[in-house]
Amino acid sequence: MFKRLTQAAVLAGSVLALGACTLGGSKTAAAPVKPPAADYQAPVPPSPPAGQTRAICYNAADLEIVRARMVQQELQVVTLQCQGPGGRRAYETVYADFVGKFRNEFATNARSLSQIAGRKRFNTDVFVTEVANRTAQRAPTDKEFCSRGKRAFDWAMDPKVTALSQVPPPYDLGPEMNIYACPAQ
């Protein structure tokens with residue numbers, strides 16, 4: 001029995017050592033990593049005609065605040081849904097970095113969103129929960145759900161991105177939730 005265990009251990013060690021060996025492979029550096037790009041956003045359905053949305057539309061400043069909260073909620077759902085090896089959360093560390101990078105903006109965004117909610121007459125908690133629920137519903141149906149989330153994290157954590165408003169939400173849920181940009185005058 002001991003002899004068989006020793007043979008198995010030697011075989012496993014040999015396979016691992018052989019796997020790490022480059023066998024005289026090239027000494028050049030690895031190919032450069034593609035810089036992050038905001039090509040991760042899912043397609044957005046077209047907006048209805050301007051005449052139908054004028055009474056319920058959001059100006060650019062308000063849309064920026066709403067979309068920033070969408071990003072925060074959607075990436076939180078991505079963190080909870082996407083698993084790595086062994087069932088652990090794949091993006092927990094990068095989400096913590098994301099929160100650290102934009103912590104001050106989250107506080108400002110929460111206050112601004114409450115002001116918009118007062119003007120537009122919606123409940124902030126219901127809005128945030130709805131964004132989270134709609135995002136979670138996409139996990140089983142969007143085969144790119146986790147990779148889309150990873151690309152969003154890559155974009156958000158790029159040093160050139162200095163504001164949360166520069167990060168498009170992976171899913172622009174606005175049209176589904178009757179949130180439209182005001183038409184140009």
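Contact here means heavy atoms within 4.5 Å, and helices are DSSP runs of H or I with at least four residues, strands being runs of E with at least two, all numbered from the N terminus. The model is predicted, so that local features need pLDDT of at least 70 and side-chain atom pairs count only at pLDDT 80 or more, while totals for chains, interfaces and linings use all residues. Residues are numbered from 1 along each chain as its sequence is written, and side-chain values use heavy atoms, with hydrogens and water left out.

The protein chain has six helices and zero strands, and along the sequence its pattern reads α-α-α-α-α-α. Among contacts between residues at least 6 apart in sequence, 78% join residues at least 24 apart. Of the 185 residues, 33% count as buried, where buried means under 20% relative accessible area, exposed over 50% and partly exposed in between, with a 1.4 Å probe and protein chains only.

Helix α6 (residues 145–157) shows how a helix is placed in this chain. Its 13 residues should span 18 Å at 1.5 Å a residue, and its end C-alpha atoms are 18 Å apart, which agrees; the expected span is 1.5 Å times one less than the number of residues. The buried residues of α6 are F145, R148, G149, A152, F153 and A156. Seen down the axis of α6, these buried residues fall within an arc of 140 degrees, so they line one face of the helix, the arc being that of the directions from the helix axis to the C-beta atoms. What covers them includes α3 (60–81), α4 (92–120) and α5 (124–138).

Rings of Phe, Tyr and Trp (its six-membered ring) pair if their centres lie within 6.5 Å, with planes under 30 degrees apart counted as stacked, over 60 as edge-to-face and the rest as tilted. The whole structure holds eight aromatic pairs. In one of them, the rings of Y95 and F98 have centres 5.9 Å apart and planes at 35 degrees, so the pair is tilted. Both Y95 and F98 are buried. By contrast, F145 and Y171 form a stacked pair, 6.1 Å centre to centre with 20 degrees between the planes, and this pair links distant parts of the chain, F145 lying in helix α6 and Y171 in the segment after α6, 26 residues apart. F145 has a relative accessible area of 2%, and Y171 one of 4%. Ring pairs also link Y91, Y95, F98, F102, F106 and F153 into a cluster.
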